[in-house]
Amino acid sequence: MFIISYKLPYEKLDATIELLAINDIYNVFYENPLEITTDNYGYGYLEKEDEEIILKVAFEGEKEGLDEFKDNLKAILKMDYINVEENNYDYTTYDFPAIHLDEKYVIASPDEEFEGKTKINFISQGAFGTGLHETTQDILKLILNTLDMKEKSVLDIGTGSGILSIAASMAGASKIVAVDIRDVEDEVMLNASLNNLNNIEAVIGNILDDETLVKDNFDWIFINIGGEETKMFMKYIKEHLNDNGNILVSGLVEWSFDEVKENIESYGFKLISKHQTNEWVTAVFN
Ligand SMILES: C[S@@+](CC[C@H](N)C(=O)[O-])C[C@H]1O[C@@H](n2cnc3c(N)ncnc32)[C@H](O)[C@@H]1O
């Protein structure tokens, strides 16, 4: 496949995609010029509308037809491309660099090797949880190095790519239920199988609305969604934790941590440890 890139102002994006569609060219994609913002409780996103954008058009024909396709695009778009590259990867998967969590653990693709380190095999298909974010990294380090997961059952709320479930399984958890409101099942199961783990079950849906989705109780509940969502889930968490069970919570920002902590404590839990990287706080409650 060949990818032909064009640079254009953001406000021309919709009209350009429409123009291509009128000419039967649909294999078009772009990266959102998003700015990550923070609000009272955590993440937010702003589309940066004054930004230039890179629009990519995929050509799936043989190399011999490429010049004709480019001429056709020029006639339609009335502009020159900035780049053409051959890309034999599925563009719905994203390459990412190996992430060295610490001196013991690395997250990387199955074909890379790092001597002396334990590798978490990982292929991203776009869900949150590549290990790049501070919150994910802090939780992973705790699960892999510090917390007692041996023979414990785990509920991973907002599992995304499933990376926390995979770490829990590697750390000795007996059974993990990985839940998300988005359909991440394929990604979770792919990454579990890349690490030869078969004790992770993916559950997709809104567990707050549908009580039939998760019926068990657990020794650990992980939640890395945000402060507001943590508060929203607290009654559920209380009801689904075993006696003496623990909560591992992240995605909290330092300016609302105390408020979220008080909320968690109002359900009878005690803060055991608190960890912070930049503004992001991760905490364990019992
Ligand atoms: C910040 S990501 C965390 C991903 C991964 N657990 C990690 O720690 O890197 C939050 C995830 O929670 C999911 N999510 C948001 N609201 C949810 C809800 N009400 N129930 C279940 N999952 C939810 C999102 O789809 C997303 O995959």
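Student: Is E151 buried or exposed?
Tutor: E151 is exposed, with 10 other C-beta atoms within 10 Å. The cut-offs, using C-beta atoms placed from the backbone, go like this: 20 or more others within 10 Å is buried, 12 or fewer is exposed, and in between is partly exposed.

Student: Before I go on, what am I looking at, and how are residues numbered?
Tutor: It's a predicted model, where local features need pLDDT of at least 70 and side-chain atom pairs count only at pLDDT 80 or more, while totals for chains, interfaces and linings use all residues. Residue numbers start from 1 along each chain, as its sequence is written.

Student: Back to E151, then. Where is it, and what is its phi?
Tutor: E151 is in the loop between α3 (134–145) and β10. Its phi is near 60°, a positive value in a residue other than glycine. Most residues other than glycine have a negative phi. Helices here are DSSP runs of H or I with at least four residues, strands are runs of E with at least two, and both are numbered from the N terminus.

Student: And what about K78, what's its phi?
Tutor: K78 has a positive phi of about 55°, and it isn't a glycine either. You'll find K78 in the loop between α2 (66–77) and β6 (83–86). K78 is exposed, having 8 other C-beta atoms within 10 Å.

Student: OK, zooming out. How many helices and strands does the chain have?
Tutor: Seven helices and 16 strands. There are 286 residues, and 33% of them count as buried.

Student: What's the order of the strands in the open sheet?
Tutor: That sheet has seven strands in the order β12-β11-β10-β13-β14-β16-β15, with mixed pairing. Two strands count as paired if DSSP finds at least two bridges between them. The edges are β12 (200–204) and β15 (271–277), each with a single partner strand, so one side of each has no neighbour in the sheet. From one strand to the next, the twist averages 15°.

Student: Where does α6 lie?
Tutor: Across β10 (153–157), β13 and β14, at about 175° to β14. Angles run from 0 to 180 degrees between N-to-C directions, and axes are lines fitted to C-alpha atoms, for helices over the stretch in contact. The axes of α6 and helix α7 (residues 257–265) also come within 10 Å, crossing at roughly 10°. That makes the two helices roughly parallel, the label for angles under 35 degrees; over 145 is roughly antiparallel, 65 to 115 roughly perpendicular and the rest oblique. G227, T230, K231 and M234 in α6 meet V260, N263 and I264 in α7.

Student: New topic: which residues touch the most other members of the largest nonpolar core?
Tutor: I221 and F222, in a core of 55 residues. The largest share of this core, six residues, comes from β14. A nonpolar core is a set of buried Ala, Val, Leu, Ile, Met, Phe, Trp, Tyr and Cys residues joined through C-beta atoms within 7 Å. Skipping neighbours within four places in sequence, F222 is in contact with I139, V154, D156, I157, L164 and L248. A contact means that the C-beta atoms, placed from the backbone, lie within 7 Å.

Student: Last one: is F218 buried or exposed?
Tutor: Buried, with 22 other C-beta atoms within 10 Å. F218 sits in strand β13, and its C-alpha is 8.8 Å from that of N246, 28 residues apart along the chain.

Technical notes: Two residues are in contact if their C-beta atoms, placed from the backbone, lie within 7 Å.
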